[in-house]
Amino acid sequence: MANPEITYDLIEPLIVSEEVDGRQVHCQFALPGSVEVFESSAGMKRERSLGSSVKRNLTRNLSNEARRTASRLLRSVFGGGFLGRTAAQTVNTASRESTRSLQNSFSKSQRQAAVVEAFKKVSSNFLYDNGWRKPSAAVVDKAPPVAVSAFTQQLLNNPVRSGFECDVLARMLAKIAYVDGEVASEELEFFKDSIPSSLGTLAELNAKDDISSIEANELDRGVRETIYMLAWSISAIDMEVDDSEVELLYHYRDTFGIPTDRATDLEILAKINVLEGYLSEDIPREELFSIAFKIGISKEDAERAKIHWMKRQ
């Protein structure tokens, strides 16, 4: 028997947990009494009738969400894991207030709709027949490979693993953060949440020697590319890369011996990754292009990025 129309009320007995993080709802589903849990997530869609003041607040909060996403990314790279709960992941009051404000921009029905969308992604593991049960092995379709972005593929294929590699990445981020001589308090908080204390504070990392060509040559070529891509991604979070940052990033491109064409590709991957933090299925094209302009990518790349992002959802 095929599953009936999926509604929140229908799947509510299967919901183990649902956690809102910015626009995303992270869920766990399981049959009652079963220990087999299926995780999934989906984004909440915005109402088209949002007023201008709400839109401004939402855009501001999305910027904070992009910063939190980047922090989770760095923690994962440094070994903390996307969902790990460590001391380094303590969120300051401003971040908590920003998260709460963003969550309040969405209604209960929008949250429940996102839970339904998340369930649909793992629905082949459940069968409704006058009640929920596990389908027989014969009718369970194999889940298709999960498509990932080119940015994520670069991370997976060439991860930053060793202590030496993490030290180089952390020092590079610190040098870029201090390139104009000062670091804003929110930036200090971001790096405090993102870089393990065992590597040193941002100021301590900045005080260390700059990365030499000898050190760069001790890194695998793919890892050099990953570190360079991550540096661009973090620099572009606030949608404003200063000329001094660009100059320093290009200095590291040369130190790492990354060909110009490849470095440009990595830069675009990084900026598209930042752009994806602001995407939703119903984002107006004008807004998409405005964000793309601030980040420094073309309208064509931005529209193509949105299409690829939607295909992966």
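The crossing of α13 and α14 is right-handed. In this predicted model, helix α13 spans residues 285–295 and helix α14 spans residues 299–312. Their axes come within 9 Å and cross at roughly 120 degrees. The two helices α13 and α14 are therefore oblique to each other. On the α13 side, the contact involves R285, L288, F289 and A292, which meet K299, A302, E303 and K306 of α14. The residues of this contact divide into 4 nonpolar and 4 charged, with no polar residue.

**The two sides of α13**

Which residues of α13 are buried? They are L288, F289, I291, A292 and I295. These residues lie on the same side of α13, because they cover an arc of only 160 degrees around the axis. The face of α13 turned away from the buried side carries the exposed residues E286 and F293.

What do the buried residues of α13 pack against? They pack against α14 and also against α12, which covers residues 260–276. After α13 comes G296, whose phi is positive, near 100 degrees.

**The contact of α12 with α14**

Helix α12 also packs against α14, at an angle of about 65 degrees and with the axes 10 Å apart. The crossing in which α12 passes α14 is right-handed. From α12, the residues I268, I272, L275 and E276 take part in the contact, and from α14, the residues D301, A302, A305, W309 and R312. Of the residues in this contact, 6 are nonpolar, 3 are charged and none is polar.

The loop between α12 and α13 contains S280. Is S280 buried or exposed? Its relative accessible area is 5%, and buried means under 20%, so S280 counts as buried. The C-alpha atom of S280 is separated by 8.5 Å from that of M310, although these two residues are 30 residues apart along the chain.

**The pair α10 and α11**

Another pair is formed by helix α10, residues 221–235, and helix α11, residues 243–256. Their axes come within 10 Å and cross at roughly 175 degrees. Angles over 145 degrees count as roughly antiparallel, and α10 and α11 are therefore described in this way. The contact is made by R224, I227, Y228, A231, W232 and S235 of α10 together with E245, V246, L249, Y250, R253 and F256 of α11. The residues of this contact divide into 8 nonpolar, 1 polar and 3 charged.

| Helix pair | Axis distance | Crossing angle |
|---|---|---|
| α13 and α14 | within 9 Å | roughly 120 degrees |
| α12 and α14 | 10 Å | about 65 degrees |
| α10 and α11 | within 10 Å | roughly 175 degrees |

**The chain as a whole**

The chain has 14 helices and 5 strands. Of its 313 residues, 44% are buried. Among the contacts in the chain with a separation of 6 or more, 72% are between residues 24 or more positions apart.

Key:
Residues are numbered from 1 along each chain as its sequence is written. This is a predicted model: local features need pLDDT of at least 70, side-chain atom pairs count only at pLDDT 80 or more; totals for chains, interfaces and linings use all residues. Side-chain values use heavy atoms; hydrogens and water are left out. Axes are lines fitted to C-alpha atoms, for helices over the stretch in contact, and angles run from 0 to 180 degrees between N-to-C directions. Helices (H or I, at least four residues) and strands (E, at least two) are DSSP runs, numbered from the N terminus. Angles under 35 degrees count as roughly parallel, over 145 as roughly antiparallel, 65 to 115 as roughly perpendicular and the rest as oblique. A crossing is left-handed if the near helix is turned anticlockwise from the far one by less than a right angle, and right-handed if clockwise. Contact means heavy atoms within 4.5 Å. Ala, Val, Leu, Ile, Met, Phe, Trp, Tyr, Cys and Pro count as nonpolar, Asp, Glu, Lys and Arg as charged, and the others, Gly among them, as polar. Buried means under 20% relative accessible area, exposed over 50%, partly exposed in between (1.4 Å probe, protein chains only). The arc is that of the directions from the helix axis to the C-beta atoms.
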